[in-house]
Amino acid sequence: MEKSEIQISKGLYEYMLSVSLREHDALRELREVTAKDSSAIMQIPPEQGQFMALLVKILNAKKTLEIGTYTGYSTLSVALAMPDNSNTITCDINSEWTNIGKKYWKQAGVENKIDLRIGPALDTLDGLINDGHENTFDFSFIDADKINYDGYYEKSLKLLCPGGLMAIDNVFLFGSVVDPELLDEDLKIRISDTDILAMRTLNEKIKKDERIDLTMLPVADGLTLVRKK
Ligand code: SAH
Ligand code: CA
């Protein structure tokens with residue numbers, strides 16, 4: 001689970017969850033199973049899943065996109081918030097991870113809403129653009145390899161409908177966007193210089209982008225919301 005105590009104390013974080021988190025049983029079970037995986041830090045924390053679910057409900061989203069499935073926690077959070085006969089396309093290259101989530105998508109009864117596309121996400125997005133899906137998606141969540149974020153941003157922007165919303169995850173890169181030497185003692189990771197440069201460049205580009213409205217939130221590891229004009 002991604003570190004969520006960027007600004008608040010552990011006690012306050014736990015309090016926040018105790019008075020606000022409503023986690024579906026399938027989500028909780030999937031989170032517990034994912035926690036055993038050595039890459040579990042990649043999964044969004046539960047309050048972020050609930051936040052994205054709320055956004056999807058406010059948007060009345062019926063067609064959504066996700067780039068970076070992992071074990072499918074964010075996928076399930078969004079799918080549970082969407083009405084029947086809606087569709088979420090989720091992209092990943094690693095079917096070993098995505099297979100973990102399928103059982104819980106089924107348990108929650110939303111597997112029919114989830115369209116998993118295995119393959120490099122840039123290719124999947126190009127396929128959607130070529131197949132006439134431009135200007136049709138209500139919501140897009142970007143959460144795969146950071147070096148390709150700019151490509152995911154541009155292609156998502158094409159695929160979103162006017163007024164559609166994009167959520168871009170990990171825009172703080174665990175703090176390394178301001179301190180590249182940062183090596184988090186808890187996380188035991190060092191973000192690569194190419195990832196840091198890619199994220200900084202995209203963050204600066206989005207601020208100036210006249211095609212969109214934006215807000216950057218200190219949710220989990222930094223979440224930028226972008227609304228297509
Ligand atoms: N949204 C997930 C976490 C995604 S982690 C959650 O909250 O649980 C990032 C994912 O991006 C990994 O599963 C990884 O396999 C995938 N990924 C990395 N490079 C990719 C690429 N080029 N195309 C598609 N997926 C990719
Ligand atoms: Ca993430």
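Ligand 1 sits in the largest pocket, where a pocket is an open set of points, on a 1 Å grid over the protein atoms alone, with protein on both sides within 12 Å along at least five of seven lines, and where sitting in it requires that more than half of the molecule's atoms lie within 2 Å of its grid points. This is a predicted model, in which local features need pLDDT of at least 70 and side-chain atom pairs count only at pLDDT 80 or more, while totals for chains, interfaces and linings use all residues. Residues are numbered from 1 along each chain as its sequence is written, chains are lettered from A and ligands numbered from 1 in the order in which they are written, and side-chain values use heavy atoms, with hydrogens and water left out.

Around ligand 1 there are 19 residues, the closest being Gly-68, Ser-74, Asp-92, Ala-121 and Asp-143; a residue counts here if one of its heavy atoms lies within 4 Å of the molecule. This shell divides into 10 nonpolar, six polar and three charged residues, with Gly counted among the polar ones.

Some of the contacts are polar, meaning pairs of N or O atoms within 3.5 Å. A backbone N or O atom of Gly-68 lies 2.8 Å from a nitrogen atom of ligand 1, and one of Ile-44 lies 3.0 Å from an oxygen atom of the ligand. From the side chain of Tyr-152, an N or O atom is 3.4 Å from a nitrogen atom of ligand 1. The protein covers 91% of the 580 Å² of accessible area that ligand 1 has on its own, as computed by the Shrake-Rupley method with a 1.4 Å probe.

Turning to the cysteines, the structure holds zero disulfides, a disulfide being a pair of cysteine sulfur atoms within 2.5 Å. The sulfur of Cys-91 is too far for a bond, because the closest cysteine sulfur, in Cys-161, is 17 Å away. Cys-91 is buried, with a relative accessible area of 2%, and Cys-161 is also buried, at 16%, where buried means under 20% with a 1.4 Å probe and protein chains only.

Notes: Polar contact = N/O pair within 3.5 Å; in protein donor to acceptor, adjacent residues only side chain to side chain. 1 Å grid on protein atoms, 1.4 Å probe; cavity = no way out; pocket = protein on both sides within 12 Å on 5 of 7 lines; lining within 4 Å. Buried < 20%, exposed > 50% of the residue type's maximum accessible area, 1.4 Å probe, protein only.
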